[in-house]
Amino acid sequence: IKVTQASTATEIKNHGFIIKKPFTNFSFDQFFIRKTLKTDEKILNKIFSNKTILITGGAGSIGSFVVRNICKFKKRKIIVVDNNEYNFFKLKLSLEKKNIGKIVLSLANIENNFQMEKIFKKFAPDIVFHVAALKHVEYLENNTNQGILTNVLGTENVLKYSIKNKVKYFINVSTDKAADPENVLGITKLIGEYLCSSYSLKNNIKIGIVRFGNVFNSNGSVSEVFTHQLFNAGKISISHPEVKRYFMSGNEASNLILSALNIIHSKNLNKCRTFICNMGEQIKIIDIAKKMIFLSGRSSKKYLSNKYYGLKNIEKKSEKLISKNETI
């Protein structure tokens with residue numbers, strides 16, 4: 001059976017009827033059949049009302065989901081801090097015209113003390129979502145200093161100026177790789193979590209940490225790698241048949257961030273807490289590859305390599321969400 005996708009009405013109008021489409025970006029729902037995390041928008045609307053919200057890394061793949069979700073709420077001001085001007089361009093294109101005027105795009109680097117101090121002093125945010133980070137496992141192994149600079153010192157900068165400028169709520173984005181870490185990414189993100197805990201004990205600020213699984217279709221995700229391999233190498237190759245990971249959608253990742261804010265606001269928590277989304281069972285990477293090949297109308301026998309290139313010592317066969325020293 002050859003699987004193809006029919007043309008949409010817009011495509012027929014603009015380009016004529018297309019019988020076959022070579023490839024498409026598949027949605028999270030096509031791969032993962034489970035209930036996803038939702039947010040209570042009525043409560044969040046009250047939290048955001050007449051507030052200034054600052055989002056670091058707000059033009060990246062996760063940050064942009066957060067920005068677009070917060071745009072739903074009225075009477076709020078959004079400050080997006082990012083160091084990538086092309087991502088700013090893409091974010092602006094994705095926003096409705098009515099929302100663009102209510103958003104300030106600030107090109108800056110979280111590692112730069114002067115820039116952070118200036119931004120926090122100028123905009124005096126009430127709520128901070130710290131999403132900015134370096135997150136690619138392999139690149140950070142080869143660029144450890146920059147990983148520490150961005151993920152540790154950058155996080156401390158954002159925390160420091162949040163406290164100095166009386167930010168009420170601070171949400172820090174972490175990763176499941178921080179649970180019993182085995183690579184630079186996991187270690188730097190775990191140190192970031194420790195910084196959050198330390199600052200929350202000494203200062204009058206409510207801090208929440210969220211740990212993500214793999215965000216499907218985010219920049220540099222496995223789905224992007226597999227798409228590239230199909231087009232360029234002709235076959236998808238994987239490291240090991242037993243490798244599996246937790247997955248969540250970009251929207252769900254954003255909802256986890258907003259849900260954590262809701263909890264630390266409504267439950268009046270004084271201590272720093274870590275929040276993790278229930279993502280169900282881990283999914284084998286080989287199953288993701290097979291389904292992607294099938295949905296694109298191809299055969300696994302032809303387009304999935306039967307040779308495995310092997311796990312590196314910095315990679316786990318499966319991830320943990322909670323370390324052996326932590327309790328739920």
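Hi everyone, thanks for coming. Please keep in mind that this is a predicted model.

Let's begin with the sheet. Seven strands make up an open sheet with parallel pairing, and their order is β3-β2-β1-β4-β5-β6-β10. If you step from one strand to the next, the twist averages 20°. And what stands at the edges? There we find β3, residues 103-107, and β10, residues 273-276. Each of those has a single partner strand, so one side of each is left without a neighbour in the sheet.

Now let's look at one pair of strands. β1 covers residues 51-56 and β2 covers residues 76-82, and the two pair in the parallel sense over six bridges. If you'd like a place to look on screen, find T56, which stands opposite V81 in β2.

Next, a helix on the sheet.

Last, a pair of helices. Helix α7, residues 113-123, packs with helix α9, residues 144-164, at an angle of about 30°. Their axes are 10 Å apart, and the crossing of α7 and α9 is right-handed. Which residues meet there? From α7 we have N113, M116, E117 and F120, and from α9 we have N157, V158, K160, Y161, S162 and K164. Sorted by class, this contact of α7 with α9 has four nonpolar, three polar and three charged residues.

That's my tour, and I'm happy to take questions!

Methods. Residues are numbered from 1 along each chain as its sequence is written. This is a predicted model: local features need pLDDT of at least 70, side-chain atom pairs count only at pLDDT 80 or more; totals for chains, interfaces and linings use all residues. Side-chain values use heavy atoms; hydrogens and water are left out. Axes are lines fitted to C-alpha atoms, for helices over the stretch in contact, and angles run from 0 to 180 degrees between N-to-C directions. Helices (H or I, at least four residues) and strands (E, at least two) are DSSP runs, numbered from the N terminus. A crossing is left-handed if the near helix is turned anticlockwise from the far one by less than a right angle, and right-handed if clockwise. Contact means heavy atoms within 4.5 Å. Ala, Val, Leu, Ile, Met, Phe, Trp, Tyr, Cys and Pro count as nonpolar, Asp, Glu, Lys and Arg as charged, and the others, Gly among them, as polar. Two strands pair if DSSP finds at least two bridges between them.
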